[in-house]
Amino acid sequence: MLKLQTPVADGPCRVGISYNDKIMMLGSCFSENIGRQLDNFGFDVCINPFGTLYNPMSILHSIERLIEGRPFTEADCIQIGAGDTRWCSFSHHTSFAADSIEAFLVKANTALESARSRFLECNKVIITLGTSWCFRHRTSGRIVSNCLKQPASDFLRLRLSCDEVITALHRIIDLCNSTEGCERKQFIFTVSPIRHFKDGAHENQISKSTLLLGIEELMAGLPADLSMRPFYIADYFPAYEIVMDELRDYRFYAEDMCHPSEQTVNYIRERFLDWALPASEHKRLQEKMKDFRHSRHLQH
């Protein structure tokens, strides 16, 4: 038979998820899409408590904040530029923006307080990296999660090196598993298939390659803790490769030709759960999916 696809093997799963797990998902809007589906189907999941995050350093800074529990203050507040007078912070996606400093701080700190307790208790962390390109604020020297439409001259655009990606991910793992009162965590890493064409086609490919190499090097340096079952610290799910090499067609993208279509997101979710969820829990998954669809039908 003529082959019209190049199937991507996702390999054996060493760090899966279960309905018994408490899961934190951080990263790009792709992780948000998958996370919402997991939430709909009954998993205990907390998704992006700072909003969408794209680069490894911003994700690291967010996890540091979750562990510290340090509240946001007026000093963190920035008024969005380009005619948008709402307030936000360099640590948040603009979905957190509010019309006043007070309203933003209530929104940001309520989410932080809720997410902090859930993060400390969670045992699985799923991180989706979107890009290795980032922006360093010239005044503070800090890599920001969002430029908030501030003048371009306020930032230095840079691409993290492979070593910097590895260092950031190592720091995340070490910080999580060395903090008192923090449940020992396992990690699943993915790279978002969303194409950052604003960076340019070549720059997008270099960026994704840097993330892939960084995760590969990280994984190679994380042996299982043989004193615990064995306890694998991290695993990798090839969402990027499935979209790029198995689907490999613009009909699997939304109209902007950069974001995966709803059909593609559903396909990746199916592949992910087939890979990550124990066979013994697939019947429960089907029941939860049926319940969710029934609830949607009743709403309409």
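**A covered helix and its setting**

Tutor: Helix α2 is mostly covered, with 11 of its 13 residues buried. Here buried means under 20% relative accessible area, exposed means over 50%, and partly exposed lies in between (1.4 Å probe, protein chains only). The model is a predicted one, in which local features need pLDDT of at least 70 and side-chain atom pairs count only at pLDDT 80 or more, while totals for chains, interfaces and linings use all residues. Residues are numbered from 1 along each chain as its sequence is written, and side-chain values use heavy atoms, with hydrogens and water left out.

Helix α2 runs over residues 56-68. Helices (H or I, at least four residues) and strands (E, at least two) are DSSP runs, numbered from the N terminus. From the first C-alpha to the last, α2 reaches 18 Å, close to the 18 Å expected at 1.5 Å a residue; the expected span is 1.5 Å times one less than the number of residues. The buried residues of α2 begin with Pro56, Met57, Ser58, Ile59 and Leu60, continue with His61, Ser62 and Ile63, and end with Arg65, Leu66 and Ile67.

The loop between β2 and α2 holds Asn48. This residue has a positive phi of about 40° although it is not a glycine. Most residues other than glycine have a negative phi. Asn48 counts as buried because its relative accessible area is 5%. Leu148 also has a positive phi, of about 55°, and it is not a glycine either. Its place is in the loop between β7 (143-144) and β8 (155-159). With 1% relative accessibility, Leu148 is buried.

The structure holds 10 of them, each a side-chain nitrogen of Lys or Arg within 4 Å of a carboxyl oxygen of Asp or Glu. Asp44 forms one with Lys22, the closest N and O atoms being 3.4 Å apart.

Arg118 is partly exposed, with a relative accessible area of 32%. Through shared partners, the salt bridges join Lys22, Asp44 and Arg118 into one network.

Asp21 forms a salt bridge with Lys124, and their closest N and O atoms are 2.9 Å apart. Asp21 lies in the segment before β1 (22-27) and Lys124 in strand β5 (residues 124-129), so the pair ties together parts that are 103 residues apart in sequence. Asp21 counts as buried because its relative accessibility is 8%. Lys124 is buried too, with a relative accessible area of 8%.
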